[in-house]
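Here's a quick briefing to read with the model open beside you. Take a look at the structure, then work through the notes below.

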Amino acid sequence: MTSSGTNPDGPSSTSGASGTSGSAAWEVLLPAASAPPRARGRALQAALRDAVRSGRLAQGTRLPSSRDLAADLGVSRGLVTEAYEQLTAEGYLRSGRGAGTWVGGAVRAARPRARDLAPRSPGARADFVPGTPDLSLFPRAAWAAAQRAVLAELPHHELGYPDPRGLPRLRTALAGLLSRRRGVVADPERLVVVSGVAQATALLGLALHARGTDAVGVEDPGSPQHSSLYAAAGVTAVPLPLDAEGPAMDPLRSSGVRAVVTTPAHQFPTGIAYSARRRTELLDWARSVDGFVLEDDYDGDFRYDRAPVGALQGLDPERVAYTGSVSKSLAPGLRLGWLLVPEALAEEVVERKRTMDLGHPTLDQALFARFVERGDYDRQLRRCQRAYRERRDILVGALQDHFPGARVTGIAAGLHVIAELPERYGPQRTFLERAAAAGVEVRALSEYVHARAEDDGAEVRLVLGYAHVPPARIRDGVRLMREATGR
């Protein structure tokens with residue numbers, strides 16, 4: 001391939017990426033020359049861009065003349081001239097009268113591939129890390145049928161920017177669902193469709209901060225997510241200890257906070273349910289300080305020994321902000337949840353939602369509305385409840401078989417249990433190291449304490465997630481932990 005002259009500002013014309021010769025570098029353009037005639041110009045431009053981005057055509061490389069490159073590729077000179085002009089306008093190339101065309105200096109080599117930062121287990125033989133449902137239970141057939149129906153029936157205007165609170169159809173369906181299943185006072189006008197509990201938390205943090213709130217109480221132990229999300233909104237998280245009934249009231253009263261994050265139906269991670277007395281005390285406290293209780297009802301539908309206890313929000317919807325999602329019932333990847341806000345926070349929350357993303361995707365909202373309206377979501381909840389109850393029973397039985405004297409605490413609910421092992425299986429740090437060496441991913445309760453200290457105690461207290469683990473793997477995982485102890 002012909003290329004002549006030298007570049008006074010850069011490498012010679014025969015320099016390609018990583019020392020590749022000019023001829024070798026131009027080979028990347030050959031497939032573009034074989035493209036269909038009507039697409040050949042776009043293909044040539046795309047190939048040139050990619051060669052520059054990837055570094056195969058290095059900065060300062062002189063390109064052949066349009067006549068020479070057209071002859072070598074077997075295309076018209078006009079096609080090459082147009083490609084040179086387009087890429088010069090975009091900054092990939094530079095040219096000067098009588099000086100030829102060169103690879104410009106504005107482009108930096110693109111990353112060779114997109115990384116996947118999604119949290120995943122590192123190939124453990126058994127994974128008891130809590131927080132994930134069984135994704136194989138996702139109702140693909142029913143979801144696909146609902147999607148087809150929605151695409152066929154959705155009015156064109158609903159594909160425009162939605163009400164930032166969400167489609168009226170979905171807010172109405174959710175209000176009925178939450179009133180019926182969780183006992184909330186669900187006004188569709190104060191219900192906001194969000195991208196999961198994480199966005200609901202961020203919106204509440206921003207609304208509280210705008211009202212002058214600079215601190216919020218969080219359960220200790222509790223979900224690390226709450227603290228980080230409120231911190232991102234400029235609100236400091238104040239850890240508050242628990243007792244057997246819920247957040248201890250004396251530390252709450254003396255903390256000075258006017259908002260507290262709670263998981264009343266099934267505290268995460270301890271597994272307790274707030275007592276009726278503590279619920280009343282929390283609401284009395286909120287009224288006395290003109291504050292709010294922020295209720296995260298993350299797995300309230302899953303109770304196995306009795307009907308679920310209703311949400312705290314139903315007792316005082318003006319003092320309790322209520323949030324939930326489909327992350328445990330359908331899939332966290334849907335990024336779909338809801339937030340019921342007290343009137344005092346509603347305007348600020350809705351405005352923050354508007355400026356944050358202009359509203360949740362309308363197709364997803366319409367699909368889920370139909371899913372709720374037709375009873376598909378209730379059927380999914382019943383299906384998950386049966387599966388998760390069975391797995392919890394298997395886990396409790398396996399612990400009794402392999403760790404005699406082990407005690408499972410907390411109510412029969414949710415997607416995880418707390419297992420307290422006898423002291424002979426400790427110390428805890430040694431137990432965790434041996435379990436990891438045996439290929440078992442497991443978390444200690446102490447990992448959810450905000451002010452963590454080095455734990456060398458004999459007592460072993462584990463948070464064992466089971467919803468995402470097949471029954472046979474549950475038994476194998478507990479056996480592997482037992483064998484790893486050497487006892």
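The largest pocket has a lining of 37 residues, and those nearest its centre are Pro 130, Gly 131, Thr 132, Lys 328 and Pro 332. Keep in mind that this is a predicted model: local features need pLDDT of at least 70, side-chain atom pairs count only at pLDDT 80 or more, and totals for chains, interfaces and linings use all residues. Residues are numbered from 1 along each chain as its sequence is written, and side-chain values use heavy atoms, with hydrogens and water left out.

**The largest pocket**

- A pocket here is an open set of points on a 1 Å grid over the protein atoms alone, with protein on both sides within 12 Å along at least five of seven lines; lining residues have an atom within 4 Å of a point.
- The largest pocket holds about 1300 Å³ of space, where a volume is the space filled by probe spheres set on the grid points, joined across faces, edges and corners.
- Helix H8 (196-210) and helix H9 (224-232) are the elements that give two or more residues to its lining, and H9 gives the most, with three residues.
- Helices (H or I, at least four residues) and strands (E, at least two) are DSSP runs, numbered from the N terminus.
- Sorted by class, the pocket lining has 15 nonpolar, 12 polar and 10 charged residues. For that sorting, Ala, Val, Leu, Ile, Met, Phe, Trp, Tyr, Cys and Pro count as nonpolar, Asp, Glu, Lys and Arg as charged, and the others, Gly among them, as polar.
- His 226 sits in helix H9 and counts as buried at 5% relative accessibility. Buried means under 20% relative accessible area, exposed over 50%, and partly exposed in between (1.4 Å probe, protein chains only).
- Setting aside neighbours within four places in sequence, His 226 is in contact (heavy atoms within 4.5 Å) with Val 218, Val 261, Thr 263 and Asp 296.

**Cavities**

- The whole structure has five cavities of 30 Å³ or more; a cavity is a set of points where a 1.4 Å probe fits but cannot get out.
- About 110 Å³ of space lies in the largest cavity. It is lined by 16 residues, with Asp 297, Asp 301, Ser 325, Trp 338 and Tyr 377 closest to its centre.
- Helix H7 (168-182), E11 and H14 each give two or more residues to this lining, and E11 provides the largest share, three residues.
- By class, the lining of the largest cavity has seven nonpolar, four polar and five charged residues.

**Aromatic pairs**

- Rings of Phe, Tyr and Trp (its six-membered ring) pair if their centres lie within 6.5 Å; planes under 30 degrees apart count as stacked, over 60 as edge-to-face and the rest as tilted.
- That rule gives nine aromatic pairs. One of them is the edge-to-face pair of Phe 302 and Tyr 388, at 5.6 Å centre to centre and 75° between the planes.
- This pair links distant parts of the chain, 86 residues apart: Phe 302 is in the loop between strand E10 (292-296) and strand E11 (320-325), and Tyr 388 is in helix H14 (residues 376-402). Phe 302 is buried, with a relative accessible area of 3%, and Tyr 388 is buried too, at 1%.
- Phe 403 and Tyr 425 also pair edge-to-face, at 4.9 Å centre to centre with 75° between the planes. Phe 403 is in the loop between H14 and strand E13 (407-409), and Tyr 425 in the loop between strand E14 (416-421) and helix H15 (428-437), so the pair ties together parts 22 residues apart in sequence.
- Both Phe 403 and Tyr 425 are buried.
- Phe 138, Trp 143 and Phe 371 form one aromatic cluster.

**Helix H15**

- Gln 428, Phe 431, Leu 432 and Ala 435 are buried in H15. Viewed down the helix axis, the buried residues fall within an arc of 95° (taken from the directions from the axis to the C-beta atoms), so they line one face of the helix.
- The buried residues of H15 pack against E14, strand E15 (440-441), strand E16 (443-444), strand E17 (460-465) and helix H16 (471-485).
- On the face turned away from the buried side, H15 carries the exposed residues Glu 433 and Ala 437.
- Gly 439 follows H15, and its phi is positive, near 85°.
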